[in-house]
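I opened my notebook to look through one model from the inside out.

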Amino acid sequence: MTKQFLCFLLLLSIPFLCESRFVVEKNSLSVTSPDSIKGAHDCAIGNFGIPQYGGSMAGTVVYPKENQKSCKEFSDFSISFKSQPGALPTFLLVDRGDCFFALKVWNAQKAGASAVLVADNVDEPLITMDTPEEDAASAKYIENITIPSALVTKGFGEKLKKAIGGGDMVNLNLDWREAVPHPDARVEYELWTNSNDECGVKCDMLMEFVKDFKGAAQILEKGGYTQFRPHYITWYCPHAFTLSRQCKSQCINKGRYCAPDPEQDFSSGYDGKDVVVENLRQLCVFKVANETGKPWVWWDYVTDFQIRCPMKEKKYNKECADSVIKSLGIDSRKLDKCMGDPNADSDNPVLKEEQDAQVGKGSRGDVTILPTLVVNNRQYRGKLEKGAVLKALCSGFEETTEPAICLSTEVESNECLDNNGGCWQDKSANITACKDTFRGRVCECPRVDGVQFKGDGYSHCEPSGPGRCTINNGGCWHEERDGHAFSACVDKDSVKCECPPGFKGDGFKKCEDINECKEKKACQCPECSCKNTWGSYDCSCSGDLLYMRDHDTCISKTGSQVRSAWAAVWLIMLSLGLAAGGAYLVYKYRLRQYMDSEIRAIMAQYMPLDSQPEVPNHVNDERA
């Protein structure tokens, strides 16, 4: 980097730095033992690693006897901080100085520490521990840091060291649950980014994050769960230098909006003004897409532009950008109108709004670092990685209002893998009340196959309502023997577990077979012979007698057969009588009809009526 370029960057930054207000993002640290230092303390979240947003972590603080600044690998000293099974995680306390913050945390992570506390070496307000300037050596370990870290004040660090040196076990909790406000069911977040893809490791990390997070971001935006807005940092050139070669190559609108040279060389490659113009184009893509009700199209444009128009291939230009815009169906006329004239000696409304937004408001400090993520007006600290950022967004929802994506495996805490998280479990049915969430595990009785379990979730859960007997027999006793299955589960809300007939017990853990013969509950007639079976009994009678179970008595088989025969005879006779009676009635009816017709014929011969035709005489017909 040339001296000329460094001087120009300093000139660009002086006006902004003079007015800057930095806010350190903090989380709560509470000491639970010993009593001498028990209480809550502030600590500053490191801007690398993966803070457990929305959750908390308990551990034991350890201060190493050697390598106390953690600038060397602990394996060189044969030291390990890996927790033993059943023990609390190790929080390593190290001193500030001699090496980068990120290197201290990386060495501690490799030695098995679960979190790192860096004790300040000067009395001053807390600061944010940031990553070092990008180089090949630091890039290898920064992207692999996965444990959280925090800076504590010098005074509090001394108290921790004194307690540990005195033989006390120092236990504390790191709490990130209030690191991000969560007032309602919608999260508002913004990403301060840059279209420059030649600025080193941070730019590569940013580009990779945008590609990876695109799907989750679009799901959240389309579902109305989040409100996203992209931002781009610009500076202005001091008025005295607006006509200089540096300002002309790095700025648009006569020095009002500037960006550093991508290659850090004024004489070759792309200029800073090329970056400003593309940043403006991406802002206008979001604005135009948002006006059509599809703000998520910004993610498509940015990822496609990264892939199709990289600086390395000399495609970082308007022609390539226009081809991406056309493929996504974005209105180019509205886009051009939004961008305005970059050569005009006047303010650009879009970029002017961006410069105003850089100044912190409320609990959010000024934006000076790229990239910067702000969630619910609170700056995110930690690794810019899909799972970590998604966890931070999910912690911004009011509890119980989180969308389904917040319960995906990418943000689960995996606490249920260890001793089932201390929750209720039915191993035989493979049912558990433990549920991993981004806020940690919760013990909540589950719903299985439409059947809701009820209980405290910790020591007791039982199926409830219709269909409960289909889930592990409703938690009641059941047994199968000799091809016969018996269950104490009654599928009614009023009755839980009741031993079936032939059994006695509590219905839950035990139902014993009742010996009806021994207890004289059945087969008690003088001629009866009783034999007990599982869940029932067999009763037989001596000689030709037949056992009647309903009356618990024996009757003669012969008498029974005689009575059956007489019953059959009477039935036959009754049937014949009914048939004869029916035939007789039919005969009488037909005979009467015939006689009536004969009488009318005879009377018609001797007393004919004028209006009545002659009635046929059957008697004459017979004589003829």
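**Entry 1: the largest cavity.** I looked up the largest cavity and read a volume of about 90 Å³. The model is predicted, so I keep in mind that this is a computed value. I searched the whole structure and found two cavities of 30 Å³ or more.

**Entry 2: its lining.** I listed 14 residues around the largest cavity. Nearest its centre lie S195, M207, Q282, V302 and Q306. I sorted the lining by type and got eight nonpolar residues, five polar and one charged.

Which helix gives the largest share of this lining? I found that α8 does, with four residues. Both α5 and α8 supply at least two lining residues each. I turned to α8 next.

**Entry 3: helix α8.** I noted that α8 runs over residues 297–308, twelve in total. I checked its length. The expected span takes 1.5 Å times one less than the number of residues. For α8 that should give 16 Å, and the end C-alpha atoms are 16 Å apart, so the two agree.

Is α8 mostly covered or mostly uncovered? I counted ten buried residues out of twelve, so by the cut-off of under 20% relative accessible area α8 is mostly covered. The buried ones are V297, W298, W299, D300, Y301, V302, T303, D304, F305 and Q306. V302 and Q306 in this list also lie among the residues nearest the cavity centre.

I then asked what the buried residues of α8 pack against. My list has two strands, β8 (187–193) and β9 (226–232). It also has three helices: α5 (201–222), α7 and α9 (318–327).

**Entry 4: W299.** I picked W299, one of the buried residues of α8. Leaving out residues up to four places away in sequence, W299 touches Y189, V210, F213, K214, A217, Q218 and F228.

**Entry 5: the core.** I looked up the largest nonpolar core and found 59 residues in it. Those touching the most other members are Y189, F213, W299, Y301, L373, V389 and L393. Helix α7, residues 272–291, gives the most to this core, with nine residues.

**Entry 6: the whole chain.** I stepped back last. The protein chain has 14 helices and 28 strands. Of its 624 residues, 43% are buried. I also looked at contacts between residues at least 6 apart in sequence, and 62% of them join residues at least 24 apart.

Note on methods. Residues are numbered from 1 along each chain as its sequence is written. This is a predicted model: local features need pLDDT of at least 70, side-chain atom pairs count only at pLDDT 80 or more; totals for chains, interfaces and linings use all residues. Side-chain values use heavy atoms; hydrogens and water are left out. A nonpolar core is a set of buried Ala, Val, Leu, Ile, Met, Phe, Trp, Tyr and Cys residues joined through side-chain atoms within 4.5 Å. Buried means under 20% relative accessible area, exposed over 50%, partly exposed in between (1.4 Å probe, protein chains only). Contact means heavy atoms within 4.5 Å. On a 1 Å grid over the protein atoms alone, a cavity is a set of points where a 1.4 Å probe fits but cannot get out, and a pocket is an open set with protein on both sides within 12 Å along at least five of seven lines; lining residues have an atom within 4 Å of a point. Grid points are joined across faces, edges and corners, and a volume is the space filled by probe spheres set on the points. Ala, Val, Leu, Ile, Met, Phe, Trp, Tyr, Cys and Pro count as nonpolar, Asp, Glu, Lys and Arg as charged, and the others, Gly among them, as polar.
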